[in-house]
Amino acid sequence: MSAGVARPRLARELHPGAWWAWAIGLAAAATFTTNPLLLLLLGAVVCAVVMACRGDGVWARAFRFYLALGVVIVITRTLFRVVLGSGTAGHVLLDLPEIPLPDWAAGISLLGPVTREALLAGLYDGMRLGMIVVAVGAANALANPKRLMKSLPPALYEIGTALVVAVTVLPQLADSAKRVRAAQELRGGPPGRIRGLRRFLVPVLEDAFERSLALAAGMDTRGYGRPGAAPPAQRRLTGAVMLTGLLGVCAGVYGFLDGTSPWWLGMPMMGAGIAVALAGFVLAGRRVVRSRYRADRWRPPEVLIALSGVASGAVAWWVAQEQVQVANPPVAEMPQVSLAALVACLLGLVPLLAAPPPLTRESRELESVVESDEDVAEERLRS
Amino acid sequence: MIELREVRFGYDDRTILGGIDLRIDEGELMLLAGPTGVGKSTLLGVVAGLVPGYTGGVLRGDVLLDGVSVIEQPARERAHAIGYVGQNPAAWFVTDTVEEELAYGMEQLGLPPETMRRRVEETLDLLGIADLRHRDLRTLSGGQQQRVAIGAVLTMHPRLLVLDEPTSALDPTAAEDVLATITRLVHDLGLSVLVAEHRLERVVPFADRMCLLRSDGTVLVDEPAAVLADSPIAPPLVELGRLAGWQPLPLSVRDARRRTSSLRSALDRGPAHSPERVPGPTEVEAAELVVAHGRRVVLRGVSLTLHAGRVTALMGRNGSGKSTLLWTLQGRLARTSGRLAVGGADPHQLKREQRRAHAGMVPQTAADLLYLETVAEECAAADQSADAPAGRCAGLLARMAPGIDPATHPRDLSEGQRLALVVAIVLTARPPVLLLDEPTRGLDYAAKTALAAVLAELAELGHAVLLATHDVEFVARVADDVVVLAEGEVVSAGPVRRVVAESPAFAPQVMKVLGPDWLRVDEVASALEAAG
Amino acid sequence: MSAQLRSRSVAALPVGRRTALVLGVASLAGLMMLCWPLLLEPGEGSRLDPPFLFLLLLPLVLVVVLAEMSEGGMDARVLAILGVLAAINGVLRGISAGTAGLELVFFLLILSARVFGAGFGFVLGAMSLFVSALVTAGVGPWLPFQMLVAGWVGLGAGLLPKRVAGRAEIWMLCAYGVVSAFAYGIFMNLSGWPFLLGVEVPGHEQTQLSYVAGAPVLENLHRFGAYVLLTSMGWDLGRAITNAAAIALLGPSILVTLRRASRRAVIVRR
């Protein structure tokens, strides 16, 4: 290809891990702030990236659901504040009558005057929660879940395979259910919904188990579960490391929760525990001897996208530490925005530039056109 | 390369394999035959390493791979050398696209990615499935699935391929494709193949040697012609050869045709016309039926008449609309247009209970009807729901498949017994019309003979029977009329003799050898007897 | 040479001493992450956010536990049955989610754990929720908590006394179904409570039922109890009743089916 022509970017699916890292980074950024302007901006960034980068898989359509759920969360959070509010001092917007509840219900009262401050505080908190859900929803919409399961780390090989089996079995279950429903119509039987359920469930289950046994045989004869070369000593080491790590996590969580414990028992302990546990996890993966066919690789776009998420979270953390007024604006005043906070949000837009075009029906067709062009060229060369 | 020495296998109460010695050499195609239930699958499982791990039971003897004992190794440790393909490939798929399925075994062996990629491409070409590489496995036809299943073990480069009834669920054309693939593997790659098959007529011509598993658990291994000389199960061609006293026995239609001259004089007069079953009153009258699933039109104007006392066979390749037609006659599926009367009523307008009294149906997977824990309970439930006197269902069952312990779990029955149970349950409501969807799947010659007798008896009693099947020889034996469907249209219909004579794909072996007058071996036998 | 094999009812995923220890420690960590509002001793500080950190930490803990459970390798048959049951559970949850309170998630989980053992029950519980989340697009921050608690439900069902049989077994499983349905509801509420109602510290008022950081455990429990009663009691009740009814009516025949499958799936070499 000549140097002057821009290389066309091939449509492909990114490594699912990259999208999850990006989304978790943005969700983390959201947890560090209750500033509604920043949260709205983050939401807009996430939506823009999802719109531009999602393919046409079934999972991609789920994003609408997460958006709706985010809105529901904001509304619920605010409504709780109104219904169960406890008369925060401030500007009264709406003076609702108070309804006291009996003593057993903690002696609380419902409704009461609604103040602007209470409403805003509920709204801010709700937006933060909603934004986390939307970010996770974005990862769901962008990352192909089947590929995610296939690129699980080796220590989760068995669980991952079982998950693949579960997802593969789902459509077969649907077929089986349809068949059994039709077949049961061919014979009479006791009426009633629960008994009817039995007539339906037992054949479906039997069918599923027969299938699962055949599947197991199929896996077995193709070498599934050939024992790896983990010597007992290494297995003991793996177990010890995992256990130590989890104990560390336990102690860390305790230290984190108990404000009176020494500082090192909190976050540092938790971090160390996680590190050790993950080391055990990696060790456990060593026993699995298998390779991957056309594995998803981490290429520059993946790395860039994952890093952008991490960076966004890191900058937001810095803002929360250094610019408290920006990160958590008081409800009485107009929220402010700083340059660093803007950067934290806009870092989330990196995928728009870095990601290759998504795999959709059109891009697939385009690729096949390219392929057939190659065929034509080859034929010309031959003749 | 693989050798079985004195292999014995059994459960506490019965012996399945009783001392088997068997050697399979490099590049050999070995055919394993025997009645269903004698343990063909068990023997294959012993070779592959699935027995006793997946079946329980006690295994003795030794299995040698290149002189090294592997009997203690489970299937996964033999995977690199022995490729095993089970009966129902669709149930064996682990992944969901063709390419991934081909790679799965290699991933387990831990082969480097470049090797995997190369072998996948080679295998796609070798099996002629390159255009299917991205397809969802469930959307493939039966023949394509079978080829993918074979490919999925071939990528591991095994030296022995073990196949358990690879064509039992396929229509004749797809079966030919799969068998052609297997012979190509033997001839081009020098692969050894051990294949179990109950429709011997298809594989015998290609087999180097044949292993007959007898019901006492012993084997007879020799050239196919020698084994078949007095085998209890034999394709019609061999039976014909035995009858005519041909030596060696013919294994292909071509062999047999070249020797028919010796029979010609005895058979001039044609078959003695056996008394035909007289058609009774019309039970089913369908005219210009159009049925669609969603937007896809499956039946395009099918007309069909079924008479009481006649057995009609419905033939056609997979996907030609046979099942849809049966479900429409049963009443579950609605039609877009056309007229339909079953026993004088439109079945789709009837309530479910009334449908059962008009037309009984046995679906493709008969076991879907069973949900109770013992055969006795199933029979009692059938009697109760049909308002029949207690014991009617059990009586029907005893007539069709005598000797079933009523306390057995229905799922533990053999394929043939289970089918008999379902037919009995359906017949308990005494429907004048009986519809069967592929009832011969997985049945051996003996079970088919029993089923043929049952169908003949039902016809005598005045039922109208319609059965969908691929099994040409079975049709020649039981059917009075044949309807052939293609693309949702009737391409030919009429008495069996005329219809199968018109289309070579549906002609039974005897007809291919002796000409359009002859359908069955017993006709030839009686003609020879009459001629002295 | 001979290989003699016999099948009997044993745990499909045997839990060794080490695995039990890992599971125990991880469950303790998980319990603390669920119950933190009742444990927290806040230090000095003006405002307190719910620990979002836990949302990230819990999946890691779960992943380590699941890796440990399958560390010894998993038999192909057990794996296939695990996959199939998780899929069926996922579907049951999917189809019953729309009908108010009629959740059928746990009934098959409890029955399967009873037949296949505690370790299998834990993994199945966690996986079922994951699969159903994949199917119904429910992967969210709440998922790790659901997986953990559902895992406990399966674990508990597998630990019920083995000798109980016949009608008594069904009654026991029904009772367990009711208990576990409520326990699941309460734990899920506990995980969502501080997030949905906010955390109250002096100077930052929230609602009257919000969690008050640093207040006596009893007061917080009282507030939480009222929150549960007001918001989700109906759901939990519905779930408990459907679970128990399904176990009572379908349990016997499904136990037979599962036991048949387990006889073929779990084989001990000796």
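Colleague: Let's start with chain B; how many helices and strands does chain B have?

Modeller: In this predicted model, chain B has 22 helices and 19 strands. Its radius of gyration is 24 Å, close to the 24 Å that the globule rule gives for 532 residues, so chain B is as compact as a globular protein of that length.

Colleague: And what does the C-alpha trace of chain B span along its principal axes?

Modeller: The C-alpha trace of chain B spans about 70 × 55 × 50 Å along those axes. Buried residues make up 59% of the 532 residues in chain B, and the accessible surface of the chain comes to about 20800 Å², of which 49% belongs to carbon and sulfur atoms.

Colleague: What about charges, how many positive and negative side chains are there in chain B?

Modeller: Chain B carries 54 positive and 70 negative side chains, and the centres of these two sets lie 4 Å apart.

Colleague: Can we pick one residue in there, say Thr312(B); is Thr312(B) buried or exposed?

Modeller: Thr312(B) has a relative accessibility of 4%, and since buried means under 20%, Thr312(B) counts as buried. Thr312(B) belongs to strand β13, which covers residues 311-315 of chain B. Leaving aside residues up to four places away in sequence, Thr312(B) touches Leu306(B), Val465(B), Leu466(B), Leu467(B), Asp481(B) and Val483(B).

Colleague: Switching to chain A, how many helices and strands does chain A have?

Modeller: Chain A has 14 helices and 2 strands, and 50% of its 383 residues count as buried. The accessible surface of chain A comes to about 18200 Å², with 66% of that belonging to carbon and sulfur atoms.

Colleague: Now the aromatic rings; how many aromatic pairs does a search of the whole structure find?

Modeller: The search finds 7 aromatic pairs over all chains. In one of them, the rings of Phe65(A) and Tyr66(A) have their centres 5.4 Å apart and their planes at 75°, so the pair is edge-to-face. Phe65(A) is partly exposed, with a relative accessible area of 38%, whereas Tyr66(A) is buried, with a relative accessible area of 0%.

Colleague: And in chain C, how far apart are the ring centres of Phe106(C) and Tyr184(C)?

Modeller: Those ring centres are 4.9 Å apart, and because the planes stand at 75°, the pair of Phe106(C) and Tyr184(C) is edge-to-face. Phe106(C) lies in helix α5 (residues 105-116) of chain C and Tyr184(C) in helix α8 (residues 166-197), so the pair ties together parts that are 78 residues apart in sequence. Phe106(C) is buried, and so is Tyr184(C).

Colleague: Back to the backbone of chain B; is the peptide bond from Gln247(B) to Pro248(B) cis or trans?

Modeller: That bond from Gln247(B) to Pro248(B) is cis, with omega near -15°. Pro248(B) sits in the loop between α10 (236-244) and α11 (253-257) of chain B.

How values were computed. Residues are numbered from 1 along each chain as its sequence is written. Chains are lettered from A and ligands numbered from 1 in the order in which they are written. This is a predicted model: local features need pLDDT of at least 70, side-chain atom pairs count only at pLDDT 80 or more; totals for chains, interfaces and linings use all residues. Side-chain values use heavy atoms; hydrogens and water are left out. Helices (H or I, at least four residues) and strands (E, at least two) are DSSP runs, numbered from the N terminus. The radius of gyration is taken over C-alpha atoms; the globule rule is 2.2 Å times the number of residues to the power 0.38. Buried means under 20% relative accessible area, exposed over 50%, partly exposed in between (1.4 Å probe, protein chains only). Accessible areas come from the Shrake-Rupley method with a 1.4 Å probe; for residues, only the protein chains shown count as cover. Lys and Arg count as positive and Asp and Glu as negative; His and the chain ends are not counted. The place of a charge is taken as NZ of Lys, CZ of Arg, CG of Asp or CD of Glu. Rings of Phe, Tyr and Trp (its six-membered ring) pair if their centres lie within 6.5 Å; planes under 30 degrees apart count as stacked, over 60 as edge-to-face and the rest as tilted. Contact means heavy atoms within 4.5 Å.
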